[in-house]
Amino acid sequence: MEDEMIQKAVIAYLKKKGFKQTELAFQEEHSRNSSSNSSLQTDPDIARNILSFSSELENVPVQYHDGYSKLRSWTYSSLDLYKHELLRVLYPVFIHCFMDLVAKGHIQEARTFFNSFREDHEMMHLRDLQKLEGVLSPSHLEEMEFAHSLRQSKVNIKICKYSYELLLQYLHKTQSIMMLGVINEHINFQVSPGQPCSISDDAEVVTLVGSGQDAANMINQKEIHWGLLEDSLEERLEKAGSSLSDLEKGEGETKEGDLDESKKRAVEGGKQGASHKKLKKDKVVGSTGKAVRTEVNTVSAAPRVKAELTLPVMPIEVEHSILEDLRNRVQLSSVALPSVSFYTFVNTHNGLNCSTISCDGSLVAGGFSDSSLKVWDMAKLGQQTSGSISQGENDSAPGDHLVGEKGGKRPYTLFRGHSGPVYSASFSPIGDFLLSSSSDSTIRLWSSKLNANLVCYKGHNYPVWDVQFSPAGHYFASASHDRTARIWSMDRIQPLRIMAGHLSDVDCVQWHENCNYIATGSSDKTVRLWDVQSGECVRIFIGHRSMVLSLAMSPDGRYMASGDEDGTIMMWDLSSGRCVTPLVGHSSCVWTLDFSCEGSLLASGSADCTVKLWDVTASTKAPKIEENKTGSTNRLRSLKTLPTKSTPVYSLQFSRRNLLFAAGVLSKNV
């Protein structure tokens, strides 16, 4: 009887695998042995192994489903003290069980398994699940870079010793061989002694990245020069003190009538006037020189480095204008918060994708889904619309130049040239040029003085999500759906450098203050720092739990802030590559970040319709002081929350005088 069962099991296996010739040969051999009355002598243990192997082949999907289901039930019923650490194991086990089923050809069962348990992980890992949902065959595991990278590398999970021993005890006691195999092959536990820590205390508890943590640590050993450029304007102002040289005074007075005066009419009249009143109240105007020296000393504590790029020469009148702004800069701190000027877009009919503000706040640009780019001049618009930017046919603001599109004059300058939605825009430091990027995979350079398109840059193959001018102008960086970032210069139509390494879309890009590095944030939940000269990745920052949407560099060049889709902001130390502190407070996507000019404050704008101000000084010092403390209450360094009625915040910009400009679109759905 056993012989017949073994024969059936072997034939069933050969049929399943498609070994037709072997199956025929086996049947002929068996019939020959039967006709010669030769009995098949088989070891009972071998027979049992063959039968169990056959049953395992048939029950592989069931074992994965049951094994994961039991592990999930055990985890959710664990003690609260250890549950949050044990729950970290479920997601990597879930995705690798799914990919194992796909790799073994059980496509339908893999779909059922995926749909049965995906709801558990949608809140934290929705973007990853959407990508893995497209894996429909074993070949997809190799072709899809995200899935392939997950299969090739281990997931790092930080867990305490007690939680680790509880997990092992469960796996051995229940003989969950399948789950033990998945965990052993795909998870690398970093076991720490003592009690489990709160998940918010450690930004790197779970890292799901293609390159393992060891590879990231190797990259983060590279030396970077995060200091500021030699002979900067701030440094020159500090050396000169608060007094002007005779030459500067003379030239400054000659320019006062045209450049500075027009700038004052554009900005200071409607916006900076408020900050000047505040200055008088705080008695800062009388001691401007002293304030400047204090703030410059804070920034100038950073080491000085040489520029790797050939930077453009700044026109003398622009230099004088910037120096004037620096002399009149307001000193901000946790007790002296900035004045805020908020521009609200109305009647956009859900068409606004992005906004940007020039360095002095005189120009505001918006990119729209109808492929258009529109620029508003605050000198003409600001006083009459009280900070509201209107566009469309239903405008009712007073003034001849504010008539809607059908009425003739527009309240804005319209730029057309893109053939797809405009996703990002960036003013040059002086404000004379404007860049825009679009889903048509191009970047366009516009002149704000000529109101014309000058160049169309083609290089990316997919939509370009972000474009940013360098702090010195002339050079700019772009980020795209093609998983690359690129460095460009205004005078060349081809990119100078291509930064490749992210596993998914590069969603945002930001220049370092010394122009030697750029940072990129990606949907793969990592931030990378790239050397502009070599094009190499010199830092990988791991810790975000969702796609990274915004970046900002501190004025001294040492720190970087990144905001993600979940509303978390991470403060990073560029020299070590470590997270200094997470800043938790927003309840939705953090779309924009900016540091104040002396670096003491960080402003963040979110889809939750708030602007938050954070104390950077306290946040960066917190880990050293509170090294031995547990709990996350001391990590929250929010100084003030500025809510809007129903306006998600699209962009933030500190002017050189430390006035904070913000922009967003009025939303009735919020």
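Trainee: Starting with α10, which residues are exposed on the other side?
Mentor: I177 and N184 are exposed there. Exposed is over 50% relative accessible area, buried is under 20%, and partly exposed is in between, using a 1.4 Å probe and protein chains only.

Trainee: And what kind of model is this?
Mentor: It's a predicted model, where local features need pLDDT of at least 70 and side-chain atom pairs count only at pLDDT 80 or more, while totals for chains, interfaces and linings use all residues. Residues are numbered from 1 along each chain as its sequence is written, and side-chain values use heavy atoms, leaving out hydrogens and water.

Trainee: OK, back to α10. Which of its residues are buried?
Mentor: M179, V182, I183 and H186. They share one side of α10, because they cover an arc of only 95 degrees around the axis. That arc is taken from the directions from the helix axis to the C-beta atoms.

Trainee: Why would residues a few places apart line up like that?
Mentor: An α-helix has 3.6 residues a turn, so residues three or four places apart point the same way.

Trainee: How do α4 and α10 cross?
Mentor: Their axes come within 10 Å and cross at roughly 105 degrees, which makes α4 roughly perpendicular to α10. Axes here are lines fitted to C-alpha atoms, for helices over the stretch in contact, with angles from 0 to 180 degrees between N-to-C directions. The labels go like this: under 35 degrees is roughly parallel, over 145 roughly antiparallel, 65 to 115 roughly perpendicular, and the rest oblique.

Trainee: Which residues make that contact?
Mentor: From α4 you have V89, V93, H96, C97 and D100, and from α10 M179, V182, I183 and H186. Contact means heavy atoms within 4.5 Å. By class, that's six nonpolar, two polar and one charged. Nonpolar covers Ala, Val, Leu, Ile, Met, Phe, Trp, Tyr, Cys and Pro, charged covers Asp, Glu, Lys and Arg, and the others, Gly among them, are polar.

Trainee: What does H186 touch?
Mentor: Not counting residues up to four places away in sequence, H186 touches H96, D100, R151, S153, K154 and V155.

Trainee: Let's do α8 next. At what angle do α4 and α8 pack?
Mentor: About 105 degrees, with their axes 11 Å apart. That pair is therefore roughly perpendicular as well. On the α4 side the contact is made by I95, H96, M99, D100 and A103, and on the α8 side by A147, L150 and R151. Those divide into five nonpolar, one polar and two charged.

Trainee: Which α8 residues are buried?
Mentor: F146, A147, S149 and L150, in a helix that runs over residues 145-152. They sit on the same side of α8, since their arc around the axis is only 165 degrees.

Trainee: Switching to cores. Which residues touch the most other members in the largest nonpolar core?
Mentor: V93, F94, F98 and L132, out of 40 residues. A nonpolar core is a set of buried Ala, Val, Leu, Ile, Met, Phe, Trp, Tyr and Cys residues joined through side-chain atoms within 4.5 Å. The largest share of this core, 13 residues, comes from α4. Apart from it lies another core, of 18 residues, including A216, L309, Y475 and V506.

Trainee: What about the chain as a whole, how many helices and strands?
Mentor: It comes to 17 helices and 33 strands. Of the 670 residues, 52% count as buried.

Key
Helix = DSSP H or I, 4+ residues; strand = E, 2+ residues; numbered from the N terminus.
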